Amino acid sequence: MANLKAIRDRIASVKNTKKITEAMRLVAAAKVRRAQEQVNSTRPFADSLAQVLYNIQGKLQFEDVDLPLFQQREVKKVALVVVSGDRGLCGGYNANVIRRAEIRAKELTAQGVEYTYVIVGKKAVQYFGNETRQAPIEKKFVGLEQIPTAPEAAEIGDELLSLFLAEEVDKVELIYTKFVSLIASKPVIQTLMPLTTQGLEVKDDEIFRLTTKGGQFGVERENVTSEVEEYPKDTIFEQDPLQILEALLPLYLNNQILRSLQEAAASELAARMTAMNNASENASELMGDLTMSYNKARQAAITQELSEVVAGANAL
């Protein structure tokens, strides 16, 4: 009987765990939808900004663009911006982006280039902040909203601009996790600074949509092509186009950072959703095995009691 009670307690414990993991899966799914809505809401500004930059670039295509953000210097030191999460229970999401950052740091060291970290997210701060690693950390950003906001992206962008314009670093690379699907994501590296005029052209964009089919979550991706309306060739700007470009480039950088944070947030939430779904499925399997063990133990106990009754009756 003691064994039966232990199995019943274990079944109850696993059942409660499954309720928690299922609730966390649904919460992560709701937040993925919010991330999708935020991507869509920021798109009009991003498209308009890209259109203006595209047309100004065309106006200056035969001129020398002499701006600090376009300055190509000998790369002696690189700022690695590592974007991780503040929470765990999301599979290998944090470990993968941290591993990619370490690989990049080793590549730079092998080339004789110094590096420093600008870390976004508590998990990367805990990892690189460990005294045994002695990692060079320039700045930390923790406690960000799980769904990134423009002010947070602007704060990070201002710090990176200061480092680059003060020539404390000669290059800024962003390491984040690109959203691929609910079950797949990919750590990538994007050069933020210095900019190149070729990097300002409008490209096909890709967005994701969380869907439900047959009670199961899925993702549909669609390519979005922005129609760029070129300004008339004889357009006259009140200000020097170079000054307009200089004023808009920080906005462009902040927008790039915001989109990267959104991709990383969607990847983290999808990874957590998948991890909690797997945990729920494992709990269901474990409950099935425990129920079978309970039934076998209960049947064995009943058989033993019947055997004892029969033995006692024969003895009489």
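Author: The model here is predicted; local features need pLDDT of at least 70, side-chain atom pairs count only at pLDDT 80 or more, and totals for chains, interfaces and linings use all residues. Residues are numbered from 1 along each chain as its sequence is written, and side-chain values use heavy atoms, with hydrogens and water left out.

Reader: What makes a stretch a helix or a strand, and how many are in the protein chain?
Author: Helices are DSSP runs of H or I, at least four residues; strands are runs of E, at least two; both are numbered from the N terminus. The protein chain has five helices and seven strands.

Reader: Which residues of H2 are called buried?
Author: Buried means under 20% relative accessible area, exposed over 50%, partly exposed in between (1.4 Å probe, protein chains only). In H2, Tyr93, Asn94, Val97, Ile98, Ala101, Arg104, Ala105 and Leu108 are buried.

Reader: Why do you say that the buried residues of H2 line one face?
Author: Seen down the axis of H2, they fall within an arc of 120°, so they line one face of the helix. The arc is that of the directions from the helix axis to the C-beta atoms.

Reader: What does the face turned away from the buried side carry?
Author: That face of H2 carries the exposed residues Lys106 and Ala110.

Reader: What follows H2?
Author: Gly112 does, and its phi is positive, near 75°.
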